[in-house]
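This briefing goes through one protein chain by topic. Please keep the sequence and the structure open while reading.

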Amino acid sequence: MTATKKDYNVSVANSREVNNHQHMEEEEEEEVEVSMPEPPDGGWGWVIVFCSFMIHVIVDGVTYTFGIFHVEFLKYFGESNQATSWVASIMVGTTFCVGPFASGLTNQFGCRTVTIVGALLACFGLIVSTFAPNITFLYFSIGLCTGTGFGLMYLPAIVCVTCYFEKKRAFATGIAVCGSGIGTSLLAPITEWLVSSLGWKGAMLVTAGFVLNCCVFGCLFRPLTEKKTVVRRMTHASISSNLPCNGNGFLRKGSLPNGTIGTNGEICLLPLKGENYRQHSSSLLGINNQTRNSPSNQEIRNATSMTLSCGTNSSRRSSLRLRTAPLARKDIFYSGNIPQNSNLYLYNMQVDEETKNAIKGQETLWTRVLAKLWPTSMRDAFKEMMNFKLMGDIIFLMFGFSNFFTNIGFNVPFVYIKDRAIGMNIADDVHASYLLSVIGIANTIGRVILGYMSDRSCINRLWLYNASLTLCGLSTALSSFCTSYYPMALYSAVFGATAGAYVSLTSVILVDLLGLEKLTNAFGLLLLFEGVACLIGPPITGWLYDYTGSYDPGFYVSGSMIAISGIMLFFIPCVEKCAKNKNKDESGVEIKFSPTSPVNSSSSKQEV
């Protein structure tokens, strides 16, 4: 089917005419109260930022300096390099893989409870590791137990900050995640000093004490208070109009429509006449399924506090509670600012009505037990993150395999660079551990600089991300030519700075490529890609060392994987162009979009 420009103009004119003459056939309506959390963009939010920063300092600091313990394990247990490397790889892989489950727990119990449980679990794993009779015991104590605890702390530390901030989110999350590099730079010399003074068991106990402090920071993750607002619910209505749009198909900022809950349980926004307006201060709730095909859904939706108007001709009022758990927000993993001049924000939520409790008598015993063990909020969050239908998107598959290749080599320098420097006789234990500090400092600086560059409209974010990964991989593969201490320190700085792009730009690149609607789903699936890759990456390098007696082959493989992960993403525009031409040939409609344009831009349009 082909569409001519004349037909398109007619349809646009007709749609505008419909928008100007909206009507609604209603049989019954009621006023309902809904509760929504309102991000303060400050206040206690800065305490949240500090706590998240400290959790990143401790969790990532311990993870990225674990290479110091790796050397001690080699000496103490006398196992092969490959067998010993499984301790760190299982810990990091578990941290990533537990992410989808942590999201469900956070949705059900909140950031505070999940963080405290994670800190206790990670601390317990480190303490019992001091009684390990062999390296296999550490696979379970440090690898599974501590790794699971870190995973339970890592996700709430990110989510809680994004819940508290919208307009200042980029600045707030930037401060929080900088704790990763700072923790690496600080804990490397501290851990080395502890090991030399107390032995690895004493150092492990002190590290467990550091991790236990995360319970205090988790206690300060105060949940947002919800504010009630009154909106109009159409119990029997047929909505035959679209939302008010401007010429580009976007909602007009100056004319806020009325908040309405449709019969499908989703929040709708419908226009009302001026004489029926009553003002209620609340957060803007969202829009219904009818607008999902609109190009405006490609943009970040504004969830800042705004005025919501409600009808006065309701016949009754009831109280409903929305599922306003953190993962209900589609931008919960987005690290950029939510611009003030954007249109609307989409919440992914349904309405929980007390009247639905009437059907409980019809539930079976198994259904009730399942509801207790696997509550709806946990199930919804897990399903949202583990929706494998996204695997059918060729763009996501390319990005997913890119992340897989990146993480095969990403943790190798953190685990092996100290032992490598010692084996090359270019540094003693103390100076070799300083290389980890160099990586941490460079990583912090790199995140700040690359994050600033990615916000410039003149810079293509995807190309910046790809170039950083390519340079990171090439420097790792060529690090075998660093035969003295200072060139190795220079390599550490380059690796740390370029690796910062991988961590800091992932979420914004995902939104650029897939849209905000798929961010949570994409983030959850990427955690699995990353977890499996982290699980096998260090053991590959360890096996190559056991076979060849040198770390160079392992760094060749790791660097090549990282470089390939960056190079392959340069072909994304070509793949998108081919997909666009294919869709054009099939439907006769050309979709014009810019995958790497800023999220709040209005470049996404439809042309015929």
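This is a predicted model: local features need pLDDT of at least 70, side-chain atom pairs count only at pLDDT 80 or more; totals for chains, interfaces and linings use all residues.

Which residues does Gly446 touch, not counting residues up to four places away in sequence? With that exclusion, Gly446 touches Gly451 and Ala497.

**Whole chain**

- The protein chain has 19 helices and 11 strands.
- Of its 608 residues, 54% are buried.
- Taking contacts between residues at least 6 apart in sequence, 84% join residues at least 24 apart.
- The chain has an accessible surface of about 25,700 Å², and carbon and sulfur atoms account for 62% of that surface.

- Gly446 is part of helix H13, which covers residues 429–454.
- A relative accessible area of 6% makes Gly446 buried, because the cut-off for buried is under 20%.
- The C-alpha atoms of Gly446 and Ala501 are 7.1 Å apart, although 55 residues separate the two in sequence.
- Ile445 also belongs to helix H13, but Ile445 is partly exposed, with a relative accessible area of 47%.
- Ile445 is one of the members of a nonpolar surface patch, together with Ile441, Val448 and Ile449.
- The accessible area of this patch is about 360 Å² in total.
- As background, an α-helix has 3.6 residues a turn, so residues three or four places apart point the same way.

**Helix H11**

- Helix H11 runs over residues 394–410.
- At 1.5 Å a residue, the 17 residues of H11 should span 24 Å, and the end C-alpha atoms are 24 Å apart, in agreement with that expectation.
- H11 is largely enclosed by the rest of the structure, because 13 of its 17 residues are buried.
- At the start of H11, the backbone nitrogen of Ile395 has a side-chain oxygen of Asp393 within 2.9 Å.

**Salt bridges**

- Lys418 and Glu192 form a salt bridge through their side chains, with an N to O distance of 2.6 Å.
- This pair links distant parts of the chain, with Lys418 in helix H12 (residues 412–423) and Glu192 in helix H7 (residues 169–212), 226 residues apart.
- Lys418 is buried at 1% relative accessibility, and Glu192 is buried at 5%.
- Arg420 and Asp552 form a salt bridge through their side chains, at 2.8 Å from N to O.
- Here too the pair links distant parts of the chain, with Arg420 in helix H12 and Asp552 in helix H18 (residues 552–567), 132 residues apart.
- Are Arg420 and Asp552 buried or partly exposed? Arg420 is buried, with a relative accessible area of 2%, whereas Asp552 is partly exposed, with a value of 23%.
- Asp512 and Arg461 form a salt bridge in which the closest N and O atoms are 2.8 Å apart.
- Because Asp512 lies in helix H16 (residues 506–514) and Arg461 in helix H14 (residues 461–477), this pair ties together parts that are 51 residues apart in sequence.
- Both Asp512 and Arg461 are buried.

**Thr115 in helix H5**

- Thr115 sits in helix H5, residues 99–129.
- Thr115 is buried, with a relative accessible area of 0%.
- A polar atom of the Thr115 side chain lies 2.7 Å from the backbone oxygen of Cys111.
- Leaving out residues up to four places away in sequence, Thr115 touches Ile55, Leu152, Met153, Pro156, Cys214, Gly218 and Phe221.

**Ser504 in helix H15**

- Ser504 is found in helix H15, which covers residues 485–504.
- Is Ser504 buried or exposed? Ser504 counts as buried, because its relative accessibility of 19% is under the 20% cut-off.
- The side chain of Ser504 reaches the backbone oxygen of Gly500 at a distance of 2.7 Å.

Notes. Residues are numbered from 1 along each chain as its sequence is written. Side-chain values use heavy atoms; hydrogens and water are left out. Helices (H or I, at least four residues) and strands (E, at least two) are DSSP runs, numbered from the N terminus. The expected span of a helix is 1.5 Å times one less than its number of residues. Buried means under 20% relative accessible area, exposed over 50%, partly exposed in between (1.4 Å probe, protein chains only). A polar contact is a pair of N or O atoms within 3.5 Å; within protein, one must be able to donate a hydrogen and the other to accept it, and residues adjacent in sequence count only if both atoms are side-chain atoms. Contact means heavy atoms within 4.5 Å. Accessible areas come from the Shrake-Rupley method with a 1.4 Å probe; for residues, only the protein chains shown count as cover. A salt bridge is a side-chain nitrogen of Lys or Arg within 4 Å of a carboxyl oxygen of Asp or Glu. Patches are made of residues with over 30% relative accessible area and no salt bridge: like charges are joined within 9 Å, nonpolar side chains (Val, Leu, Ile, Met, Phe, Trp, Tyr) within 5 Å.
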